[in-house]
Amino acid sequence: MLGNKKRIYIIGTVGVPACYGGFESLVDNLLDYTPADVEYTVFCSAKKYEARLESYKGARLFYLDRDANGKDSILYDYESMKIAVREKADIMLILGVSGCMFLPKIRRQFKGKIITNIDGLEWKRDKWKFYAKWLLHWSERQAVRYSDVIIGDNKGITDYVRSAYAGIVAKKRIELIAYGGDQVSRVEDDSLYETYPFCREPYACTVCRIEPENNVHLSLEAFARMPEKQLVIVGNWEKSDYGRTLKEKYAGTQNLHLLAPIYEPHTVNWLRGNAALYVHGHSAGGTNPTLLRRCV
């Protein structure tokens, strides 16, 4: 430890400040409660941040010129692990299993502790082809085998790990650390009605990645059959053929409002907090922070 501080390297997120997904929100909140004897390094995707801060909430930020999601996430995580080994980290906190296929090699070089939150069952996502699913399933197995601690964010995940890897986890720590969430209450800001006039009427809302396993197509199909009901979906429509196809198909449907990603918290909370109904169609993945904000 450097200067009596335990050095924890956080691997597997797009980065902070959080402007993307669940793990990013987790890290952003985690940094608010940094103990005096802990020093965090957070790996960030340089491609997602025009303004590249050197530090954030006391954590050192280390930028890699790779995408943190998709196929590139495997090398993104692996490079992060190699840097953590080189800099003699005390703990690697790995969020997601994309790069964990390299843990057999990393484990031979790294003397510190490895803690992995395996997220959801990534290998079951519909967007992956057979080989990618096999590789992710294999990577999940390596995460369980070579990590000192396995974290699940809901009981279903921890039960799955104990059942699927019974022969591996007998002497390992498996911890359930459930996500929390700040309740989204009604946000008063009448000026936003100028940008979103359709929100003057009762509406349903969804904030998510536009991916098949989130069943966005089913939500759109259902609300298209109910023209008197307004649906607002905020997501990355241009990221995939799936999203672009849906946007083109439903762009002219008057009660469906397909918004581009919004990373400004006040506006997102205004849309969520003033909705009459929140629609959650996810069929894979881990616990969704957006849903928790509606339920706590």
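**Alanine 276 sits in the loop between α8 and β12 (277-278).** The model is a predicted one, in which local features need pLDDT of at least 70, side-chain atom pairs count only at pLDDT 80 or more, and totals for chains, interfaces and linings use all residues. Residues are numbered from 1 along each chain as its sequence is written, and side-chain values use heavy atoms, with hydrogens and water left out. Helices (H or I, at least four residues) and strands (E, at least two) are DSSP runs, numbered from the N terminus. With 60% relative accessibility, alanine 276 counts as exposed (exposed means over 50% relative accessible area, buried under 20%, and partly exposed in between, with a 1.4 Å probe and protein chains only). Leaving aside neighbours within four places in sequence, alanine 276 is in contact with Pro202 and Tyr203, where contact means heavy atoms within 4.5 Å. Alanine 276 and proline 202 are 74 residues apart in sequence, and their C-alpha atoms are 5.7 Å apart in space.

**Threonine 267 is part of helix α8 (residues 265-273).** This threonine 267 is buried, its relative accessible area being 10%. Not counting residues up to four places away in sequence, threonine 267 touches Leu192, Tyr196 and Ile262.

**Helices α6 (residues 216-224) and α7 (residues 241-250) pack against each other.** Two packed helices are described by the angle between their axes and the distance between the axes. For α6 and α7 the angle is about 10° and the axes are 11 Å apart. Axes are lines fitted to C-alpha atoms, for helices over the stretch in contact, and angles run from 0 to 180 degrees between N-to-C directions. The two helices α6 and α7 are therefore roughly parallel to each other (angles under 35 degrees count as roughly parallel, over 145 as roughly antiparallel, 65 to 115 as roughly perpendicular, and the rest as oblique). From α6, the residues Val216, His217, Leu220, Glu221 and Ala224 meet Tyr242, Leu246 and Tyr250 of α7. Six nonpolar residues, one polar and one charged make up this contact of α6 with α7. In this classification, Ala, Val, Leu, Ile, Met, Phe, Trp, Tyr, Cys and Pro count as nonpolar, Asp, Glu, Lys and Arg as charged, and the others, Gly among them, as polar.

**Glutamate 221 belongs to helix α6.** At 33% relative accessibility, this glutamate 221 counts as partly exposed. Between the C-alpha atoms of glutamate 221 and isoleucine 91, which are 130 residues apart along the chain, the separation is 46 Å.

**The largest cavity holds about 30 Å³ of space.** A cavity is a set of points, on a 1 Å grid over the protein atoms alone, where a 1.4 Å probe fits but cannot get out; lining residues have an atom within 4 Å of a point. Grid points are joined across faces, edges and corners, and a volume is the space filled by probe spheres set on the points. The count by this rule is one cavity of 30 Å³ or more. Lining the largest cavity are Thr206, Cys208, Asn214, Val216, Ser219, Ile233, Val279 and Gly281. By class, that lining of the largest cavity has four nonpolar and four polar residues, and no charged ones.

Most residues other than glycine have a negative phi, and most peptide bonds are trans. Asparagine 215 is in the loop between β9 (203-207) and α6, and with 18% relative accessibility asparagine 215 counts as buried. Lysine 88 is in the loop between α2 (72-86) and β5 (91-95). The relative accessible area of lysine 88 is 61%, and lysine 88 is exposed.

**A cis peptide bond runs from valine 16 to proline 17.** The omega of this bond is near 0°. Proline 17 lies in the loop between β1 and α1 (22-30).

**Valine 38 is found in strand β2 (residues 38-45).** With a relative accessibility of 12%, valine 38 counts as buried. Its contacts, leaving aside neighbours within four places in sequence, are with Lys5, Lys6 and Ile8. Valine 38 and arginine 7 are 31 residues apart in sequence, and 6.0 Å apart in space from C-alpha to C-alpha.

**Asparagine 4 is in the segment before β1 (6-11).** Asparagine 4 counts as exposed, at 68% relative accessibility. From C-alpha to C-alpha, asparagine 4 and alanine 36 are 10.0 Å apart in space, and 32 residues apart in sequence.

Key:
On a 1 Å grid over the protein atoms alone, a cavity is a set of points where a 1.4 Å probe fits but cannot get out, and a pocket is an open set with protein on both sides within 12 Å along at least five of seven lines; lining residues have an atom within 4 Å of a point.
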